[in-house]
Each structure stands twice: as structure tokens, then as C-alpha cells.
Amino acid sequence: MMFSNARHADVILPRSMNLPRLKVLSITGLSISNEESSKRLFSSCPVLETLAIQNCDIQTYNGRKLIVDSVSVKKFAYTFLCRRRYPQNGTKENIVKLCAPNLKDFFCALLLKQDCSLEICFPLSRVSFHMILENLKDENAETYSKLPLGEKEVYAKRVMRFLEAVYMVKEMRLLSPGFLEVLSRAPDVVDCQPPRLCSLKYLTLTMWSTRSCMRAIVYLLSISPNVTKLFLKAKESCLADVGDEWETGLSFPGMLSHLEYVQIEVEGCDAELKLLCFLLKKAKFLKKVVLYFRSSVGSPDGVTQVEQFMDTLRLVPTASSSIQVVFKT
């Protein structure tokens with residue numbers, strides 16, 4: 001079942017609802033009158049398995065909390081990438097509370113400028129975050145480089161709260177480089193304890209080849225001691241030099257002690273090489289590294305760059321005595 005509206009529409013739900021066979025529910029662009037109404041909606045769907053809520057404004061008097069209370073829901077996608085319809089709602093903290101013991105897959109897409117937090121009552125198998133500043137067309141490394149440090153630290157605290165909420169997750173995907181850009185300020189936030197993601201095994205990151213993103217990756221790996229597989233997708237590779245001490249203060253002996261597999265999509269720039277060198281030198285039990293070179297390197301200059309990249313990487317000393325490096329173009 002799908003409820004959709006190009007613009008927000010007010011919905012008053014009946015006091016009694018019964019949808020005994022509904023398994024998939026998608027709601028877009030609706031405003032639900034209050035918290036109790038949303039509870040009634042979910043409780044009326046006893047076999048609901050897939051739930052998607054996109055750009056819906058839920059109005060309450062004593063705060064803003066969306067509660068998903070369902071025993072049957074296994075997959076939930078929550079997206080809010082537009083401005084709030086009600087001005088007063090944009091100034092309050094928004095809370096998404098998940099009371100779903102069988103929920104396995106949670107996708108969350110939000111604006112970093114929107115104050116939002118998660119409350120998760122049961123462990124998740126997989127979580128995906130996609131976070132941007134305001135709109136996709138302005139989402140680039142240059143935009144983040146111009147953010148004042150104070151604003152960046154506010155966003156860092158917000159994404160740290162998300163990591164704290166999913167501390168028991170086994171697989172995590174960060175699908176927007178902006179998440180890493182602001183997370184890079186986390187080590188400098190003095191009034192927040194770093195989260196510990198000890199259950200995390202599989203980590204997928206979309207990054208820009210910037211100093212901030214690379215520091216954030218090392219920070220994530222330092223608080224996720226049991227990651228076994230790391231998947232990286234680099235964008236905007238040909239950027240400014242990241243320098244030689246970008247990981248200073250974040251790496252320590254014994255980190256990456258469980259990392260066995262790395263897969264990265266690259267263009268062949270210096271920043272990508274430095275990140276790979278860091279992983280090769282730190283991961284003692286690394287078994288396989290797979291590099292996918294993007295189609296943009298097909299030009300004669302690109303081919304030369306790739307060949308130089310591979311030649312340099314082959315000469316890097318590795319912590320692991322049995323490692324296979326696979327190049328794919």
C-alpha cells in the first residue's frame with residue numbers, strides 16, 4: 001500500500017483501523033496529526049514487513065517523536081530531505097524510536113542541519129545512513145571545506161549520536177561522503193565520549209579523497225575493532241594534497257587486528273594510495289585487497305596513472321605475510 005502526495009497533506013487517521021494482510025507500506029509527503037495516530041497505524045498492520053516513510057511531518061504538542069512499534073517489521077526506510085512544513089517543528093529535536101525486535105535492515109536519510117536522534121530498542125543486522133547538508137547539487141567536498149569549525153562540530157555531535165544508537169549493528173553503510181566530512185571533527189569534540197562499535201563486522205563507506213574523509217575513516221576503524229571486511233568507494237579523487245600526517249593521533253598498535261578483506265573503487269590519486277598504504281601496513285591478518293579502477297581512467301593519461309599507482313602499491317611493505325592484491329580495470 002502506498003500513500004503519496006507531491007506536497008504535504010494533512011491526514012487524520014480513524015480511531016479504529018484493521019489491515020490484517022498488509023505487508024508493504026510506503027508513506028510519502030503526509031502530515032500525521034499526532035503520536036498516537038502513528039501508533040494506531042502501525043498496530044493495525046500485524047503482518048507488516050516493509051515500511052518506508054519519506055518526507056512526512058508528524059506534528060505533536062510535547063515534542064517530535066516517531067515511534068515504530070511493530071513485531072513484524074523487518075525492513076524500515078526513513079527519509080526526510082526537505083524542510084519541515086510547520087516552522088515550529090524545524091526548531092525541535094526529532095526523535096525516531098524503533099521498537100521492532102525483528103527489524104534487520106534500517107535505512108536513514110536526513111539533512112545534517114536537522115536536529116534528529118535515534119532510539120533503538122533491539123540490535124540491528126544492517127544500517128545505512130545517507131546524510132547531506134541541504135541539497136544534492138551542492139553536495140561536494142568544497143562545500144564542506146567552507147563550513148565554520150563550530151558548525152562542523154555541531155554536525156559531528158549529531159552523527160556521533162547516530163553511531164551510539166546503532167552500537168550493536170553488524171553491518172553499516174555510510175552512503176554519503178558528507179557523513180565522513182563532519183565525523184572527522186569527532187576526535188576534537190571534548191564533551192562527547194566516542195562510541196564503540198564492537199559488533200560491527202562489515203563496513204561500507206562512500207568517501208571523497210580529502211584529509212577529512214581519510215581521518216574519519218581511521219577514526220571509524222579505531223572505534224570498530226572487529227571489522228573484518230571494508231568496502232570503499234572514492235569520489236572526486238583529484239583533489240588537494242592530504243599531507244603526510246593525516247592519521248596522526250588516531251592510529252594505534254593493534255588496530256585492524258581482524259581486518260581480512262578490503263575492496264576499493266579508485267581513480268589512482270595520491271590520497272587513495274596513502275589510504276591503502278595505511279591499511280596494508282596496519283592490518284596484520286589482511287588476506288585480500290581488490291581494487292576497481294573507475295572507467296574515467298580509460299584515457300592514455302589515465303592508463304599511465306593507473307600503471308604508476310599499481311607499481312607503487314606493489315612496493316609497499318605489508319603487515320600481513322599472506323596477502324593477495326587484485327587489480328581490476
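The entries below record what I found.

Entry 1, basis. I worked from a predicted model, in which local features need pLDDT of at least 70, side-chain atom pairs count only at pLDDT 80 or more, and totals for chains, interfaces and linings use all residues. Residues are numbered from 1 along each chain as its sequence is written, and side-chain values use heavy atoms, with hydrogens and water left out.

Entry 2, cavity. I looked up cavities, meaning sets of points on a 1 Å grid over the protein atoms alone where a 1.4 Å probe fits but cannot get out. I noted two of 30 Å³ or more, a volume being the space filled by probe spheres set on the points, which are joined across faces, edges and corners.

I found that the axes of H5 (residues 211–222) and H6 (residues 270–282), lines fitted to C-alpha atoms over the stretch in contact, come within 11 Å and cross at roughly 20 degrees. H5 is therefore roughly parallel to H6 (angles under 35 degrees, on a scale from 0 to 180 degrees between N-to-C directions). Helices here are DSSP runs (H or I, at least four residues), numbered from the N terminus. In contact (heavy atoms within 4.5 Å) are Met-214, Ile-217, Val-218 and Leu-221 of H5 with Ala-271, Lys-274, Leu-275, Phe-278 and Leu-279 of H6.

Terms used: 1 Å grid on protein atoms, 1.4 Å probe; cavity = no way out; pocket = protein on both sides within 12 Å on 5 of 7 lines; lining within 4 Å. Helix = DSSP H or I, 4+ residues; strand = E, 2+ residues; numbered from the N terminus. Parallel < 35°, antiparallel > 145°, perpendicular 65-115°, else oblique.
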